[in-house]
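Reader: I would like to learn how to read a model of this kind, feature by feature. Please take me through it.

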Amino acid sequence: MMTVKFHAPHLHLPHVSLPHVNRQEAGQAVDAAKSFLPPPERMAYYGGLGALAVAGLIEWPVAAAIGVGTVIAQRARGMSRSGRARASA
């Protein structure tokens with residue numbers, strides 16, 4: 001019989017201290033994040049594009065191009081509406 005010595009690896013993890021965040025600060029962070037997200041109906045649209053790409057019904061570059069084109073069109077439409085609102089005021 002042969003004896004084999006085995007040394008278990010010893011892993012040193014650094015200690016990382018995270019700042020304490022209260023509920024109000026967390027709520028403000030969530031509100032800030034929500035301000036960057038599109039409305040729920042557009043989120044469903046983008047989710048549908050992603051699902052079509054995952055299923056292989058459309059290619060990823062096509063889904064990305066459609067999504068980016070939609071964002072640009074929405075922003076352009078919003079800018080033209082705000083410009084008309086200022087002109088009529």
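Reader: What pLDDT does the protein average, and which helix has the lowest mean?

Author: pLDDT is the predictor's confidence in each residue, from 0 to 100. Where it is low, the predicted coordinates should not be read in detail. The protein averages 85, with 91% of the residues scoring at least 70. Among its elements, helix α3 (residues 60-88) has the lowest mean, 82, and helix α2 (residues 40-55) the highest, 93.

Reader: How many helices and strands are there?

Author: Both are DSSP runs numbered from the N terminus: helices are H or I with at least four residues, strands are E with at least two. The protein has 3 helices and 0 strands, in the order α-α-α from the N terminus on. Its radius of gyration is 25 Å, well over the 12 Å that the globule rule gives for 89 residues, so the protein is more spread out than a compact globule. That radius is taken over C-alpha atoms, and the rule is 2.2 Å times the number of residues to the power 0.38. The C-alpha trace spans about 90 × 45 × 15 Å along its principal axes.

Reader: What percentage of the residues is buried?

Author: Buried means under 20% relative accessible area, exposed over 50%, and partly exposed in between (1.4 Å probe, protein chains only). Buried residues make up 6% of the 89. Gly 48, in helix α2, counts as partly exposed because its relative accessibility is 31%.

Reader: Which residues form an aromatic pair?

Author: Rings of Phe, Tyr and Trp (its six-membered ring) pair if their centres lie within 6.5 Å; planes under 30 degrees apart count as stacked, over 60 as edge-to-face and the rest as tilted. A search of the whole structure finds 1 pair. Tyr 45 and Tyr 46 form it, edge-to-face, at 5.6 Å centre to centre with 65° between the planes. Tyr 45 is partly exposed at 39% relative accessibility, and Tyr 46 is partly exposed at 21%.

Technical notes: Residues numbered from 1 in each chain as written. Predicted model: local features only at pLDDT ≥ 70, side-chain atom pairs only at ≥ 80, totals over all residues. Heavy atoms only, no water.
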